[in-house]
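Dear colleague,

I am handing over the structure below, and my notes on what was found in it follow directly after. Please read them alongside the coordinates.

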Amino acid sequence: MNDKQHTIKAPVTVRGVGLHTGVEATMTFCPAPVGHGYKFQRVDLPGQPVVDADVDNVVDLSRGTTIEQNGARVNTVEHTLAALVGLQLDNVLIQLSGPEPPIMDGSSAEFIKALDTVGYEEQNALRNYYEIPESIRYVDNARGVEIAALPLPDYRLTVMVDYNSPVLGSQHATLDDIGKFSEEIASSRTFCFLHELEMLYKNNLIRGGDLSNAIVVVDRVVSDDELNDLAKMLGKPRVAVKKEGILNNVDLRHKNEPARHKLLDLVGDLALVGRPLKGQILAARPGHAANVAFAKKIKKKMLESRSNPVPLYDPNREPVMDINRIMQVLPHRYPFIMIDKVVHLDDQVVTAVKNVSINEPFFQGHFPGNPVMPGVLQIEGLAQTGGILVMNTVPDPENYWQYFLGIENARFRKKVLPGDTIVYHCQLLAPIKRGIAKMRGQAFVNGKVVCEAEMSAAIVRKDA
């Protein structure tokens, strides 16, 4: 899995009709900055409102996942989002000229093919993974649905479907490596049963459906008159049933294509938690309603952990900024530079690391014989970490000074000793206005808070 965030190198456009609305639309994938995430923009509406791909914005689950925000609605987002997750992209703006992404061939393959043509760009920020900390489960006994997420330092999914049908019985699909999504899952098309088709059509759904972009499973004997009616409904001269039970002689791309498509839908729906996931996902008989309910449970856990964050630090991962880059941004030098590397940086949050050594010059005069890192220098480490976050908001940080204006609610919880590794974590409390930033900072050793404070800072041009 990628360590760094990624976007695309250039805009790329696809065109087609929406599966359920039948409205023709143009959809353009655009590069986006670090921390942007996935957002849809309805460029056909006044003001071109933006809709965040967020589970809290889900408003309808009628045979697809629909999101709405700022007076704008986007239908059937799951195939589009699945393509972005499968490519391990983090930051993309999706501009849409209609209410629904084009259905294309009923899978995610055409989106991936288009994105491949422009290529991908690594960004200078680590991916903000949410690692499943403990078992999370969702059960719907009435529908026989169960979904579970288990801790795993990777992203793997297994799906089981069972429709009690002589044609489409029990099927399984597994994705052991998200990097193989394009190869193993992306081409699997959407499907429905014949008995559902007329109901969907009468309910103004599948208006963009076509036998070339949706698999119709025939699970009963069908008369010639019914086939003629179906042909009229679908605007075809005629339709037929293949012996395998698939309408109009569509060849399956995989023997378990329906199960693989359910896995594709699950990947797309879970993208709505807002962060890339690490964990093992096991799903029995999933559907959009269950997927979204499960995504809400994951997001709730995610927000609970964020309210008392213990930032993860893996010393084996490449830093976002090493000491040389830090010294290009901050004016501090020996013996007063209090951070060694930055391991996470986006527009809201920064995490930096300090390795405390007995060779630190302050230990010579601070509590000789009982070496304890001075609390004021721990705060200075927080301040420098916050300075990286503030300087990240300007394109030329070397032309700015950063001054701290205030420190409030400072608390020291535990001693910091030689040999400790301090993980500094700062987060903006409000948007930066007129060059003034307000942040909350915490310092951790072995997952425990050692100090914390709220800080205000200003950035000023050197020639001002």
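**Helix H1 and its contact with H6**

In H1, the residues Glu-78, His-79, Leu-81, Ala-82 and Val-85 meet a set in H6 made up of His-261, Leu-264, Asp-265, Val-267, Gly-268 and Asp-269. Sorted by type, the residues of this contact of H1 with H6 divide into five nonpolar, three polar and three charged. Please keep in mind throughout that the model is predicted.

As for the geometry of the pair, the axes of H1, which spans residues 78-86, and of H6 come within 7 Å and cross at roughly 80°. Because angles of 65 to 115 degrees count as roughly perpendicular, H1 is roughly perpendicular to H6. H1 is also mostly covered, in that nine of its nine residues are buried; among them are Thr-80, Ala-83, Leu-84 and Gly-86. After H1 comes Gln-88, whose phi is positive, near 60°.

**Salt bridges**

The count for the structure comes to 20 salt bridges, and I describe some of them here. In general terms, side chains of opposite charge can pair when their charged atoms come close.

One of these joins the side chains of Asp-3 and Arg-317, with an N to O distance of 3.4 Å. This pair links distant parts of the chain, since Asp-3 is in the segment before strand E1 (4-8) while Arg-317 is in the loop between helix H7 (288-307) and helix H8 (323-329), 314 residues apart. Asp-3 has a relative accessible area of 34%, and is therefore partly exposed.

Glu-257 forms a salt bridge with Arg-189, and the closest N and O atoms of the two are 2.9 Å apart. Here, too, distant parts of the chain are linked: Glu-257 is in helix H6 (residues 257-270), and Arg-189 is in the loop between helix H3 (181-184) and strand E16 (191-193), 68 residues apart. Both Glu-257 and Arg-189 are buried.

A further salt bridge pairs Arg-461 with Asp-396, where the closest N and O atoms are 3.5 Å apart. Arg-461 lies in strand E24 (residues 448-461) and Asp-396 in the loop between helix H9 (375-391) and strand E21 (400-412), so the pair ties together parts that are 65 residues apart in sequence. Elsewhere, salt bridges that share partners join Asp-54, Asp-56 and Lys-299 into one network.

**Cysteines**

A search of the whole structure finds zero disulfides. For Cys-426, which is in no disulfide, the nearest cysteine sulfur is that of Cys-451, 9.4 Å away. Since buried means under 20% relative accessible area, Cys-426 is buried at 0%, and Cys-30 is buried at 11%.

**The surroundings of Arg-143**

Arg-143 is found in the loop between strand E12 (136-140) and strand E13 (145-150), and at 59% relative accessibility this residue counts as exposed. Leaving aside residues up to four places away in sequence, Arg-143 touches Arg-285 and Ala-289. The C-alpha atoms of Arg-143 and Gly-287 are separated by 10.0 Å, although the two residues are 144 residues apart along the chain.

With best regards

Definitions and conventions:
Residues are numbered from 1 along each chain as its sequence is written. This is a predicted model: local features need pLDDT of at least 70, side-chain atom pairs count only at pLDDT 80 or more; totals for chains, interfaces and linings use all residues. Side-chain values use heavy atoms; hydrogens and water are left out. A salt bridge is a side-chain nitrogen of Lys or Arg within 4 Å of a carboxyl oxygen of Asp or Glu. Helices (H or I, at least four residues) and strands (E, at least two) are DSSP runs, numbered from the N terminus. Buried means under 20% relative accessible area, exposed over 50%, partly exposed in between (1.4 Å probe, protein chains only). Axes are lines fitted to C-alpha atoms, for helices over the stretch in contact, and angles run from 0 to 180 degrees between N-to-C directions. Angles under 35 degrees count as roughly parallel, over 145 as roughly antiparallel, 65 to 115 as roughly perpendicular and the rest as oblique. Contact means heavy atoms within 4.5 Å. Ala, Val, Leu, Ile, Met, Phe, Trp, Tyr, Cys and Pro count as nonpolar, Asp, Glu, Lys and Arg as charged, and the others, Gly among them, as polar. A disulfide is a pair of cysteine sulfur atoms within 2.5 Å.
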